[in-house]
Amino acid sequence: MSAYKALRDDLNLDSPPKYGINFANVYKRYNTRLICKRYYHHHWGTKAVAVMQDIVYY
């Protein structure tokens with residue numbers, strides 16, 4: 001049973017899925033997006049807040 005189907009049908013999985021988040025992609029793109037957003041917030045006079053998982057931070 002796929003994780004999506006279990007979530008949709010409100011069921012539990014028999015075992016955890018064998019796939020996860022592509023952290024290489026997260027590492028590569030997170031800072032770029034944060035810098036771009038901060039640029040706009042600087043001009044608007046507002047603050048940018050970033051929330052991330054521990055595994056991305058380390």
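A residue counts as buried under 20% relative accessible area, as exposed over 50%, and as partly exposed in between (1.4 Å probe, protein chains only). At 37% relative accessibility, Asp9 therefore counts as partly exposed. The structure is a predicted model, in which local features need pLDDT of at least 70, side-chain atom pairs count only at pLDDT 80 or more, and totals for chains, interfaces and linings use all residues. Residues are numbered from 1 along each chain as its sequence is written, and side-chain values use heavy atoms, with hydrogens and water left out.

**Overall form**

- The chain has three helices and zero strands, where helices (H or I, at least four residues) and strands (E, at least two) are DSSP runs numbered from the N terminus.
- Read from the N terminus, the order of elements is α-α-α.
- The radius of gyration of the chain is 17 Å, whereas a compact globule of 58 residues would have a value near 10 Å.
- That radius is taken over C-alpha atoms, and the globule rule is 2.2 Å times the number of residues to the power 0.38.
- Along the principal axes, the C-alpha atoms fill a box of roughly 50 × 25 × 15 Å.

**Surface and burial**

- Buried residues make up 3% of the 58 residues of the chain.
- The chain exposes about 5,800 Å², and carbon and sulfur atoms supply 57% of this area.
- Accessible areas come from the Shrake-Rupley method with a 1.4 Å probe; for residues, only the protein chains shown count as cover.

**Charges and the salt bridge**

- There are 9 positive and 4 negative side chains, and the centres of the two sets lie 19 Å apart.
- Lys and Arg count as positive and Asp and Glu as negative, while His and the chain ends are not counted.
- The place of a charge is taken as NZ of Lys, CZ of Arg, CG of Asp or CD of Glu.
- A salt bridge is a side-chain nitrogen of Lys or Arg within 4 Å of a carboxyl oxygen of Asp or Glu, and by this rule the count is one.
- The partners in a salt bridge are Arg8 and Asp9, with their closest N and O atoms 3.3 Å apart.

**Surface patches**

- Patches are made of residues with over 30% relative accessible area and no salt bridge; like charges are joined within 9 Å, and nonpolar side chains (Val, Leu, Ile, Met, Phe, Trp, Tyr) within 5 Å.
- Arg33 belongs to helix α2 and is exposed, because its relative accessible area is 53%.
- A nonpolar surface patch consists of Tyr39, Tyr40 and Trp44, which together have about 420 Å² of accessible area.
- Tyr39 is part of helix α2, which covers residues 23-44.

**Single residues and distances**

- Ala3 sits in helix α1 and counts as partly exposed, because its relative accessibility is 25%.
- Ala3 and Gly45 are 42 residues apart along the chain, and their C-alpha atoms are separated by 42 Å.
- Asp10 lies in the loop between α1 (3-8) and α2, and its relative accessible area of 71% means that Asp10 is exposed.
- Although Asp10 is not a glycine, its phi is positive, at about 60 degrees.
- Phe23 lies in helix α2; its relative accessibility is 23%, so Phe23 counts as partly exposed.
- Val49 is in the loop between α2 and α3 (54-57), and is exposed because its relative accessible area is 74%.
- Val49 and Leu34 are 15 residues apart in sequence, and their C-alpha atoms are 9.1 Å apart in space.
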